[in-house]
Every structure is written in structure tokens, then in C-alpha cells.
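Let's take a friendly walk through a protein structure.

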Amino acid sequence: MSSETPVTDQDTAEKLKSMELVQRPDDSFAGRFIYWAGVVFALAHIYFNTLGTLSELWVSAIHFAGFALICGLMVPMVRCQTEAGRRLTLVLDLLLGIAAIFCTLYLIGFEDALYDRGVKFVEMDWVFSVCAIFITLEMARRTTGWFIPSMILVALTYVFWWGQYIDGVFGFPGLSLETLLYRSYFSSEGMFGQIARISWTYVFMFILFGAFLVKSGAGDFIIELSRCAAGRFVGGPGFVAVLGSGLMGSVSGSSVANTVSTGVITIPLMRRAGFPAKFAAGVEAAASTGGQLMPPVMGAGAFIMASYTQIPYVDIIAIAALPALLYFLSVGFFVRVEAMRSHAHAVESDTRPIGEVFKDGWHYLLPLVVLVALLIYGFTPTYAAGFSIISVVVSSWLSKHPMGLRDILDALAQGSKNMATTSMLLISVGLVVNVVAMTGIGNTFSLMVTDWAGGSLMITIILVALASLILGMGLPVTASYIVLATLSAPALYGLIAESQLLAMMVAGQLPEAAHSIFMLVDMEKATLLTAPMSEADAQQLLSLVPGDFKNQLLEMALDPSALAMALLSAHMIIFWLSQDSNVTPPVCLTAFAAAAIAKTPPMATGFMAWKVAKGLYIVPLLFAYTSFIGGSWEEVLSIFVFACFGIYALVGFMEGYLESQLNLALRLVSGVLGVVLLWPHGMLVVNLVAAALFVALFIYSRKQVVPEAQAA
């Protein structure tokens, strides 16, 4: 019997509410204003993304103004206990939103005048540029806390003030404050630059698409379908959490929201089935974190990746699908093992037949079919999302609850509310990205990481993982990915591309054109390239090539598609590792949200979620050392299948359990088989033998279930 004080459902609701932002109620004056402003602004964004012809800089500025107003009214400046204090705060928030609108109007109205003066600031240029940055910092503070504003202030002051006083590689001679403000406010490089454009195009349209799906009832259909598909299996509620969170995350892209929306159903179900409460919460947190890895939204990561790498969005989500599935399978393996160990049982006997559920809700899948079809056909993601939103409304007319005008308005308003905090986050992070570009500190950081790692790809990945965990304590995962990608993607890309180059040198297959670079370095040793060589000789020869020539060498040796896939692999590694702050103590909001539902200790739940989410660390290694990204479909499918066996074997090693308890010797065997199946040795026969041995181990473990049950 637990000695803990009983926790009521009201306590759970209060814990979950404490993790959310303080927001003004929907039935207040501010709430009603936000509703209609959200409707108008959503319609404006649909126009900008389909028929609009305004310049991207102007649309980014309008995007900032509207969402600064909505965010300012939605999230108050401070929490006030008195009515007079709340009214005063509302007035101040409204004035701040109006100031954001004037900042945008000034940019649009006086941009040409600035260039006519030769980009010389007058008094009002100073006022509005400083005001715009201040509003951005304030909105970032309200929505994410003090970390992001502090980071931005450190970055901005580095440019014009303290950077010149630093010795060594991070020293920066400095730019004038006028130049900094121009590039931060007036140019298309700062707060209204690339990241802001991603915000008002891809991210907004897909968040709006998700809002329409949820409003149409698709979210309830997804949960019910998941319960019918997996609920009747042994440990089924755990599989419901995995499947439901994956499907919900594929459109929502928010791990905490995913945890709360699906966890209130799946965690009690798992506990009723016999799973330990801490494990149930950990599974839900890990599965909801995977929602950000699942196409098409991927927590805005796919859109940012497409912008950084210049690889089409549809290609990125196609490549990301199998790795995401592998992650959810890895969580499912933990569920299966724990279900057998805890003797969890099925509890879903009261659910409807899956055929009946699908018959009633098949039309909810039509918008996703429309989205995928339009993307494959060649439409841009924004157009595809726009048409898919229309298809949500049309397909809802096939249901018992068709969307009417009020439902459409609700979805438009909710989409804008969902976007308000995200837009302010992305716009503010754009200031940091601009500083990195202005100062060249990104290249310096990449060179430093490479130097620390001694050219080792594995050590570089470990350093990136540590940096992502530290940044993730203060940054949301999307912002963490943007910052890390800006700083460390060049280093990772270079090492991944160099590993492919080394493989060609070892095999003696280096293209003739690339020999010229080595001829310039050492003509005598360059003759070794005509035949296969050892890996040590290849590394020694490559180390002779100066850094300035390595990019040219890579372009000569590798075809453009291979280089593009190496770059995408680097970004995928960073993006996946950026998710670990969701499930890794000491700061893991997704795990804390699950703990509030399961009524378990938050930190202990965080460690459980971290264990269950091991796929976050294993799959990036496959990106780095195999052709999981960019390989032929035969290679990718082979890696996927053997990785499934390998991860399951590692789960057996970590848990000491498969279908039954494993003794020490069998546990070690399972661990060795897992490493062999995941190791990039490229020998198909070895993988087949290892997979066969694991299947044999699984069957042996399965046969021990009956004697074990009799002994019990």
C-alpha cells in the first residue's frame, strides 16, 4: 500500500494548469477581441500564402504586428490578483500591441525613405527599431521565460559592445549600433528574415490545418481508432498511447499538448491494465515526444530543415517517415516487455469494432490524403495546406456533425491562438540567427567543435547532444534546433561527408577529378589513391588537405545528391537530439505533464521517460554511420528491418526481460546481438545470422512464460 497522500482529479487539473501559460479567459473582453482578431488574421494569412503579392519583408512585419497584439492580450504582462491591477495590465498590453502595429506601419511607410538617405538613421528610425526589438523580447519573455530574451540581449550586445574586448577565436571587432538595428529591423535578415518567413508560411498554415482537423472531430477519431486497433492486445493500452500519440503528433507537432490531450485517456487505461504508474507516464511522455518526429508537421522542424538545406519539404517528410516509425517501434518494444513482466491485461472489451469506428470516421483521413497527394503532385506546402483545410470542411459534411460557419470561425480563431506563442518564439530566435550570420560565430563554433572532437564524428555527436540538453533547459525544442543547427550543422555535415569520402578512398574509388587536390598537397602520396588503402592511410592522407580546400574536395569527390543527403543527415541528427530535453531531467516538461496525470514523482517520471525514449539517441547514430538517409530503398529498408531487431535486442538487454526473465548470460547475448544488428559493418550475412539468433532467443524466452506462470 502506498503511503503517499491521495491525489484527486482536481489536484491533477491544477498541476496541468500550472504548467500552462497564464491566459485571459475566453469570455472576457480581451478573449472576445482575440477571437475575432484571430479569425481576421487567419484569413489574412491564407490570402498571403495563396493569392497575396506583398513583399516577404512586409508580410513578416504584418505577421509580427498581428501576433504581438494577440499574444500580448492573450498572455498578460504580469499576474494580478486585484480587478484594478488586471484592468491596468490589460491597458498596458493593448498599448504594447498597438505599438507593434505602429512599428510595422513605420517599416512599410518609411523603408524607401531610409534607402533614399543612404541607410542613415534619423531619430524615428532609432525609436521604432528599438521599440520593435523590445516588444519581441517582451513577448518571448511572456511565452518562454527569461532564457530567450537574455540570450538575445547577450547576442545583440556582443555585436556592438563586448565582442571587441574578447581575445581569441570569439573576438569580434564590432559593428555600430546603427548597423545592428538596421539589420535586425529593416532588413530581411533579422527578426523579419528567414525564420519569420517560415513562421507565416509553412508553420502557420499547418498549425491552422491541425486546428481544423481537431475541430472537425479528427482528434477523437484518432484516439478511438487507436484504442480499437491496439487496445485488445496484451498491454494494449500502452500501444494505444504509442499509436495515438504518433497519429496526433503528426498533425499537432506539440509534445506537451500531445501528452495532455492523449495522456488523460491512455495513462489511466495503462494503469487499469496493470502497468506501473511511473512507466505509464514515461511511455506517454516518450510517445508524445515522438509526435514531433512524425511527418507532416514535425514541430515546424521539417519546414526549417527545408529552408536550411534547400531540400524540398516533401522529400524531407518522406525520408523522415521510416525513422519516426522506428522510434515509435522502440517505445512499443518497452511496452511489450513491461506488459509481459507486469502481466498487464487487455481492458478494452467495451470498445466498438474497428470496422464500425473506421466506417463512421473514414472521412477524417481524406484531408491527409489530399495533403499528401497535392505535395506529391508538386504543389507548394502552403498551397497544399490551404486546399487541405478546405477539404477538412468538405469531408466533415460526410459526418454526423458537419462543420458549420461557427465551427469554421472557431477553427480559424484557435489556429491563430495556437500560433501566437510560436510566432513570437520564431521571430525572436531570428535575431540570434542574424547575429550568428553577421559575426561568423557559427563557423567559429563549428571549427571549435571539430577541434574538440579531434575529427571524431562520434564525439561531435556527443557534444551536440550535451549542447542540446543544456539549451533545451531554457529553450523550446524548435528554438533549440534552430540555434544548434546554425552553430553546429556545418561541423556535422563536414564530418559525415568526409566519412563518405574516406570510404571511397579506402575502396580506391575516388574520382579522378578529386586527385588534383591531393596532388597539390603531396604529389608522391597522391599516387596511393589509384588503389585500395587502409583506413589509417586514408585518414592520414586526408589530414594533409588544408581546411580551405576540403569543401572543394568534397564537391569534386561526391555528387550533389550525396552532399545534400549528408547535410540533411546533419540536420536530422541535431533535430532528433534537440527533442531529448522533453524527456531528460532536470527540465523535461513533457514528462512533468505526464507525471501530473499519473500522479507520480516528476523527476522519477523524467528518468523513466528518458529510458523509454532511447530511440532518440540510437536513430541519430544510424543517420551518421549508415545510408538510412539518402540510400536506395533496398538499403533503407534493410537498415530499418535490422534496426528493429537490434533495438528490441537492446531493450531486452537493458530490461533483462523479453517474454520472460533473462539470466545474466542471455541478457549479455541480447546486448551483443543488438550491437551487431545496429553496427554499420555492411555485412548482410552477419545481420541475418544475428537476427535469426535474436528470434531464437525470443522464442526461447516465450517458451519460459508458461512455467513461470505456473511457478507464480
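What follows looks at the core and then at some helices.

This is a predicted model, in which local features need pLDDT of at least 70, side-chain atom pairs count only at pLDDT 80 or more, and totals for chains, interfaces and linings use all residues. Residues are numbered from 1 along each chain as its sequence is written, and side-chain values use heavy atoms, with hydrogens and water left out.

Start inside. The largest nonpolar core has 225 residues; such a core is a set of buried (under 20% relative accessible area, 1.4 Å probe, protein chains only) Ala, Val, Leu, Ile, Met, Phe, Trp, Tyr and Cys residues joined through side-chain atoms within 4.5 Å. Phe64, Phe518 and Met572 have the most contacts inside this core. Leaving aside neighbours within four places in sequence, Phe518 is in contact (heavy atoms within 4.5 Å) with residues including Met505, Leu541 and Leu542.

Now find helix H20 (residues 457-472) and helix H21 (residues 477-507), whose axes come within 11 Å and cross at roughly 180 degrees. H20 and H21 are therefore roughly antiparallel (angles over 145 degrees). Among the residues making this contact are Leu457 and Ile461 of H20 and Leu492 and Leu495 of H21.

H21 also packs with helix H24 (residues 535-543), at an angle of about 125 degrees and with axes 9 Å apart. The contact includes Met505 of H21 and both Leu541 and Leu542 of H24.

Finally, visit Ser561 in helix H26 (residues 560-578). At 46% relative accessibility, Ser561 counts as partly exposed, a class that lies between buried and exposed (over 50%).

Note on methods: Axes fitted to C-alpha atoms, helices over the stretch in contact; angles between N-to-C directions. Helix = DSSP H or I, 4+ residues; strand = E, 2+ residues; numbered from the N terminus. Parallel < 35°, antiparallel > 145°, perpendicular 65-115°, else oblique.
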